[in-house]
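Work through the exercises below with the sequence and the structure at hand. Each task is followed by a solution in steps.

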Amino acid sequence: MTRVPVTAVVVLGLSMIAGLTRAQIAGNSSISAADLNLLLEQRRYFRLERALASDIELAPETRAFFQGVMANRRNRASESIRLLQPLVTGLSKADRKHAVIALSTLADDFEKTFHYAEAADTYANLAQNYATDMSPGELVRVRREAARWNLLRDAPPQTAIVNGPFTVETIRNRLGLVKAPVTIAGRQTLMILDTGANLSAISRSAALRWGLKLSSGEATMSGQAGKAVPVHTAVIPELKIGKAIFHNVAAIVVDDRDMFVSDIDYQLPGSLGFPVLSALGQITFFKDGRFGVGPTRERMSLGGNLFLQRLTPIVSATIQGKEELFTIDTGATGSFLSVRYYNDFPNQFDSQFVDEMSLTGAGGTISLPAYYIKDVTLRLGGACVDIKDVPVLIQPRGIPDDYYYGNLGQTAFGMFPSYTFDFQNMSFTIEGPACD
């Protein structure tokens with residue numbers, strides 16, 4: 001790889017307008033619906049929640065809209081449906097931008113509550129009636145989601161029974177990712193525990209081995225390298241992990257060749273995605289190789305530092321004195337900072353060399369231009385997290401995750417004794433020393 005020395009790089013990316021300050025929110029008389037729109041657009045969720053909790057004067061429909069969106073981000077899907085569904089008809093005539101957000105949020109709510117037909121129909125409504133109100137990238141995503149959930153239209157809803165707290169032993173694969181033993185069709189196998197996966201994923205050969213019925217139709221998903229990966233769907237009648245028993249687990253089925261990473265000669269195993277892991281309630285990953293479900297130790301309250309963006313966990317962390325939101329992915333080995341960090345601190349990279357960062361997953365590997373920071377410290381989950389050799393992207397990836405400050409993987413929290421997701425109280429905690 002050739003390294004090119006540069007002293008300045010012009011980045012054509014997101015134009016991030018500074019969000020409202022806490023003082024402005026405290027003096028709420030000056031806050032308007034337009035200000036709330038800006039906070040929502042910039043993913044300033046804490047500030048948006050504080051504004052809604054104040055005595056700001058809003059029309060009932062406007063308040064219901066923002067409260068419905070934030071209920072979705074806090075994993076309260078049923079509440080979000082109750083608030084947003086009555087608004088759609090009026091918004092389609094009065095505020096098409098809000099209509100798109102409301103429908104996108106409702107589609108996600110239907111996914112989370114396993115109403116697959118409603119999710120497919122809502123996405124189809126967006127694609128058919130609001131195509132000109134969305135960016136080209138968002139329109140592609142909506143069409144893909146409509147096709148994918150339509151494959152599960154007649155699938156029964158997932159159910160889960162957790163018979164008390166438990167722990168299971170896990171192992172790490174060649175990429176350093178956590179695999180746990182699960183039982184499917186009476187056979188034990190190992191699957192990656194991947195909070196960053198929207199659905200559980202299995203290979204075609206595994207689906208056939210377990211006697212699963214594949215969807216007759218086919219959809220596509222976006223692979224790591226950006227190419228469209230063809231997928232079918234299947235429903236796993238019963239899946240067991242520890243003391244938990246799941247029925248009707250929806251999964252995408254990927255051709256074996258698309259789960260093979262040729263760069264490292266490695267076949268990716270299947271993964272348990274967010275719908276399964278969140279249904280377990282409180283999950284803990286231990287450094288000694290255990291995976292725990294239920295209360296495992298007394299945890300400090302962090303005031304709900306966890307959000308969801310669709311089916312991706314978003315966590316709050318403090319970096320360089322700034323409170324920012326990061327995507328968090330137990331199915332990722334490394335961590336990186338987005339172009340937002342580069343735009344905020346460009347002087348840190350004067351006279352450095354442009355390098356590359358590689359992202360590997362289903363669909364192959366993609367390389368992106370990046371700088372590297374030798375050492376960065378975050379206040380995360382109640383602990384002081386020090387990460388070495390962190391890539392910093394210098395241009396947007398062209399996806400919604402560009403709005404976040406980066407993605408945190410195993411290099412951020414895998415070295416601590418344990419870390420816990422609590423999807424009921426929406427908090428993420430790390431067992432480790434706090435920052436001074």
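**Exercise 1: The second largest cavity**

Task: Find which strands each supply at least two residues of the lining of the second largest cavity.

Solution. The strands are β19 (336–337), β22 (383–393) and β23 (406–408), each with at least two lining residues. The model in which they are found is a predicted one.

Step 1. List the lining: F326, S335, F336, L337, L378, I387, V390, N407 and L408.

Step 2. Place the residues by number. F336 and L337 fall in β19 (336–337). I387 and V390 fall in β22 (383–393), while N407 and L408 fall in β23 (406–408).

Step 3. Sort the lining by class: 7 residues are nonpolar, 2 are polar and none is charged.

**Exercise 2: The largest cavity**

Task: State how many cavities of 30 Å³ or more a search of the whole structure finds, and describe the lining of the largest cavity.

Solution. Step 1. The search gives 2 cavities of 30 Å³ or more.

Step 1. The volume of the largest cavity is about 40 Å³.

Step 2. Its lining consists of E111, K112, F114, Y116, W149, N198, L199, P275 and L311.

Step 3. By class, 6 of these residues are nonpolar, 1 is polar and 2 are charged.

**Exercise 3: The surroundings of R44**

Task: Locate R44, decide whether R44 is buried or exposed, and name its contacts beyond four places in sequence.

Solution. Step 1. R44 sits in the loop that runs between α2 (33–41) and α3 (45–53).

Step 1. The relative accessible area of R44 is 14%. The cut-off for buried is under 20%, so R44 is buried.

Step 2. With neighbours within four places in sequence set aside, the contacts of R44 are L39, E323, E324 and R340.

Step 3. With E324, the R44 side chain also forms a side-chain polar contact of 3.4 Å.

**Exercise 4: The whole protein**

Task: Describe the protein by its helices and strands, its buried share, its contacts and its accessible surface.

Solution. Step 1. There are 13 helices and 25 strands.

Step 1. Of the 436 residues, 53% are buried.

Step 2. Among contacts with a separation of 6 or more, 65% are between residues 24 or more positions apart.

Step 3. The accessible surface is about 18,900 Å², and carbon and sulfur atoms account for 51% of this surface.

Note on methods. Residues are numbered from 1 along each chain as its sequence is written. This is a predicted model: local features need pLDDT of at least 70, side-chain atom pairs count only at pLDDT 80 or more; totals for chains, interfaces and linings use all residues. Side-chain values use heavy atoms; hydrogens and water are left out. Helices (H or I, at least four residues) and strands (E, at least two) are DSSP runs, numbered from the N terminus. Buried means under 20% relative accessible area, exposed over 50%, partly exposed in between (1.4 Å probe, protein chains only). A polar contact is a pair of N or O atoms within 3.5 Å; within protein, one must be able to donate a hydrogen and the other to accept it, and residues adjacent in sequence count only if both atoms are side-chain atoms. Contact means heavy atoms within 4.5 Å. On a 1 Å grid over the protein atoms alone, a cavity is a set of points where a 1.4 Å probe fits but cannot get out, and a pocket is an open set with protein on both sides within 12 Å along at least five of seven lines; lining residues have an atom within 4 Å of a point. Grid points are joined across faces, edges and corners, and a volume is the space filled by probe spheres set on the points. Ala, Val, Leu, Ile, Met, Phe, Trp, Tyr, Cys and Pro count as nonpolar, Asp, Glu, Lys and Arg as charged, and the others, Gly among them, as polar. Accessible areas come from the Shrake-Rupley method with a 1.4 Å probe; for residues, only the protein chains shown count as cover.
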